[in-house]
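Here are a few friendly notes to read alongside the structure.

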Amino acid sequence: MHGTRRHPKLDKALAPSTRKHYKSHWPEWVIGKEMMDKAMKSIVARVHLDRRFDIPYLAGYSLDGHTIFIDRHMPKSFVYRGKRVNTDRFLIVHEAVEKSLIQLLGMHYLTSHQIALHAEQAAVRAEGVTWDAYNEFMEKYIKVIGDEKLSKVPDTLDLTPYVDFHDVAELKQMRANMVPGPKARPKARVHIAGL
């Protein structure tokens, strides 16, 4: 089990709501957009976002986990049923969950990716967006970005996903085009009980 030391006002702001969900007998923290919003805000508050680099497969994370990278060519939003939906926070949730499982629990990338994908799906659905619409938007940019020549890859990018995926050609191109990446200070101190 782990915890973080943070300011009491932040604890209160991010605490789960205990009121009942309007369509259910379950408390709001069990189901709903409000709780997912709090979870996403909590994750986003703990990491730095950097959109200045070329990142294969849209997004990644730094070696230390303090920075989430989103490819510099990736649009920040798309229109769904007449409403503009910001997508950065969904990618941040995915990458933060994935990195946490790898770093804190020593899980393999492919297993961590599957769990992170479910967290991303839950966040998207809580926003009222269908997974199919969101995934279609993302797939379009994965292909476009995946086909581009990588010219600006941060040297602080964790290459674990690419190594575990056995993408030798991609790794070679990435390493040949590395530039100095950010060395961000942690936004939150994590304490893991028992370690």
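1. In helix α3, the residues Phe90, Leu91, Val93, His94, Val97, Glu98, Leu101 and Ile102 meet a set from helix α4: Tyr109, Ser112, His113, Ile115, Ala116, Leu117, Ala119, Glu120, Ala123 and Val124. Contact here means heavy atoms within 4.5 Å. The residues of this contact divide into 13 nonpolar, 3 polar and 2 charged. In that count, Ala, Val, Leu, Ile, Met, Phe, Trp, Tyr, Cys and Pro are nonpolar, Asp, Glu, Lys and Arg are charged, and the others, Gly among them, are polar.

2. How do α3 and α4 pack? Helix α3 covers residues 88-105 and helix α4 residues 109-126; they pack at an angle of about 150°, with their axes 8 Å apart. The axes are lines fitted to C-alpha atoms over the stretch in contact, and angles run from 0 to 180 degrees between N-to-C directions. The two helices are therefore roughly antiparallel to each other, a term kept for angles over 145 degrees. The crossing of α3 past α4 is right-handed, so the near helix is turned clockwise from the far one by less than a right angle.

3. A word on the source. This is a predicted model, in which local features need pLDDT of at least 70 and side-chain atom pairs count only at pLDDT 80 or more, while totals for chains, interfaces and linings use all residues. Residues are numbered from 1 along each chain as its sequence is written, and side-chain values use heavy atoms, with hydrogens and water left out.

4. Now the whole protein. It has 7 helices and 9 strands, taken as DSSP runs (helices H or I, at least four residues; strands E, at least two) and numbered from the N terminus. Of its 195 residues, 40% are buried, that is, under 20% relative accessible area with a 1.4 Å probe, counting protein chains only. Among contacts with a separation of 6 or more, 63% join residues 24 or more positions apart.

5. Please look at Asp37 in helix α2 (residues 33-44). Is Asp37 buried or exposed? Asp37 is buried, with a relative accessible area of 16%. Leaving aside neighbours within four places in sequence, Asp37 is in contact with Arg89 and Glu127.

6. Pro75 sits in the loop between β4 (67-70) and β5 (77-80). Its relative accessible area is 23%, so Pro75 is partly exposed, the class between buried and exposed (over 50%). Not counting residues up to four places away in sequence, Pro75 touches Arg51, Thr87, Phe137 and Tyr141.

Key: Parallel < 35°, antiparallel > 145°, perpendicular 65-115°, else oblique.
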